[in-house]
Amino acid sequence: MLPARPRQRLGFFTRLLDQAPPAERYRLATAQIVHAEALGFDAVWVAQHHFHEPEGGLPAPFVFLAQVAARTSRIRLGTAIITLPLELPIRVAEDASVLDIMSDGRLEVGVAPGGNLSMYTAFGLDSNERHTLMAHHLDLLRDAWAGRSLPGGDSLYPVNPSLADRIWQATFNIDGAQRAGRAGDGLMLSRNQPRPHGPGRLSLDEIQNPLIDAYLEALPPGREPRILASRTVFVADDRKEALRHCEAGIRGTGAKLAGVRRLPPGCSIEEAVALLDIHTGCPEDVIASLQADSALARATDWTVQVHSIDPPHPHILRSLELMAQVVAPALGWQPAEAAGV
């Protein structure tokens with residue numbers, strides 16, 4: 001008999017893009033996360049973005065997650081991602097360690113070089129050095145959490161060795177997947193996977209399955225794989241309502257920054273949804289769409305986001321409800337309590 005397939009974990013990802021001033025953005029995102037925990041979601045993931053408001057509303061994820069930790073009790077708290085080359089790695093190690101201890105060990109640390117290269121100039125760094133900085137800072141994080149001696153002879157307080165087993169690396173390419181695998185880290189796959197449009201355009205899973213293959217081949221023997229696949233999912237009570245919100249969001253500023261500029265002129269909303277890898281409609285539509293994603297089926301963790309639709313807050317809450325109560329169970333997921341987690 002084949003061994004039982006490990007239970008997939010379901011997450012909610014947010015870039016905190018509600019159309020509101022910062023304080024209200026943070027309040028609404030916190031309410032969405034609290035709602036997700038009550039529905040049985042396993043994790044929440046938040047993105048770090050500097051400067052560009054339409055791309056992301058959160059430059060300080062550890063500060064925000066500390067507030068979320070105080071409002072929740074079970075849901076795991078993830079960064080997707082910390083732009084690690086821009087940070088002082090020892091400060092990241094300290095903040096992560098304190099937050100993890102205060103949240104009863106719920107932190108997951110996703111890192112990457114980031115895609116906005118202009119921010120390196122603002123931080124006084126050369127973006128051409130980002131991959132070198134990334135490798136160096138990751139080494140320091142691991143040393144710090146393990147309590148090893150740091151440059152100058154000091155060591156971290158409080159130490160937190162288990163955090164080294166909760167590092168995730170985000171990447172768009174084979175080399176990055178292999179690096180994550182060799183390190184024994186988790187692999188983070190984005191719905192924003194770059195690829196050309198037009199004839200011969202590959203689907204998202206056709207691009208990402210080779211990354212999963214490369215990651216698994218590089219993983220040390222005995223190391224359990226951790227593969228997080230992020231997808232745009234907006235579930236509504238009927239398809240017409242879902243497409244109405246999709247059209248409003250896709251024509252908005254944030255969506256343009258997320259790839260709408262690559263859409264062919266005059267394309268319909270249905271065509272735009274397909275080209276932007278958006279899983280939307282009523283629950284039955286979304287179930288069928290997600291079932292066709294072979295990379296998602298191979299993930300140990302998957303997370304849903306409403307970007308770049310960004311509907312109003314009540315519709316985000318409803319989408320989370322339909323996801324947890326109808327869509328995800330149809331794909332084999334069970335809420336944490338029902339699964340005995």
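In strand S5, isoleucine 167 is the bridge partner of valine 109. The model is predicted, with local features requiring pLDDT of at least 70 and side-chain atom pairs pLDDT 80 or more, while totals for chains, interfaces and linings use all residues. Residues are numbered from 1 along each chain as its sequence is written, and side-chain values use heavy atoms, without hydrogens and water.

**Strands**

Strand S5 covers residues 167–170 and runs parallel to S4, to which 3 bridges join it. Strands are DSSP runs (E, at least two residues) and helices likewise (H or I, at least four), numbered from the N terminus; two strands pair if DSSP finds at least two bridges between them. S5 also pairs in the parallel sense with strand S6 (residues 186–189), over 3 bridges. Here the bridge partner of alanine 170 is methionine 188 in S6. Together with helix H6 (residues 174–183), S5 and S6 make a right-handed β-α-β unit; a crossover is right-handed if, with the strands pointing away from the viewer, the path from the first strand over the helix to the second runs clockwise.

**Helix H3**

Helix H3 (residues 89–102) has 14 residues. Its buried residues (under 20% relative accessible area, 1.4 Å probe, protein chains only) are Pro89, Val92, Ala93, Ala96, Ser97, Leu99 and Asp100. These buried residues pack against helix H2 (61–71), strand S4 (107–112) and helix H5 (130–146), where contact means heavy atoms within 4.5 Å. Just after H3, aspartate 104 takes a positive phi of about 60°.

**Aromatic rings**

The structure holds 4 aromatic pairs. Rings of Phe, Tyr and Trp (its six-membered ring) pair if their centres lie within 6.5 Å; planes under 30 degrees apart count as stacked, over 60 as edge-to-face and the rest as tilted. Two of the pairs are listed here.

| Pair | Centres apart | Angle of planes | Class |
|---|---|---|---|
| Tyrosine 26 and phenylalanine 64 | 6.2 Å | 50° | tilted |
| Phenylalanine 41 and tryptophan 333 | 6.4 Å | 50° | tilted |

Tyrosine 26 lies in helix H1 (residues 22–38) and phenylalanine 64 in helix H2, 38 residues apart. Phenylalanine 64 is buried, at 6% relative accessible area. Phenylalanine 41, in the loop between H1 and strand S2 (43–46), is 292 residues from tryptophan 333, in the segment after helix H13 (313–330). Phenylalanine 41 is buried at 0% relative accessible area, and tryptophan 333 is buried at 3%.

Notes. Expected span 1.5 Å × (residues − 1). Buried < 20%, exposed > 50% of the residue type's maximum accessible area, 1.4 Å probe, protein only.
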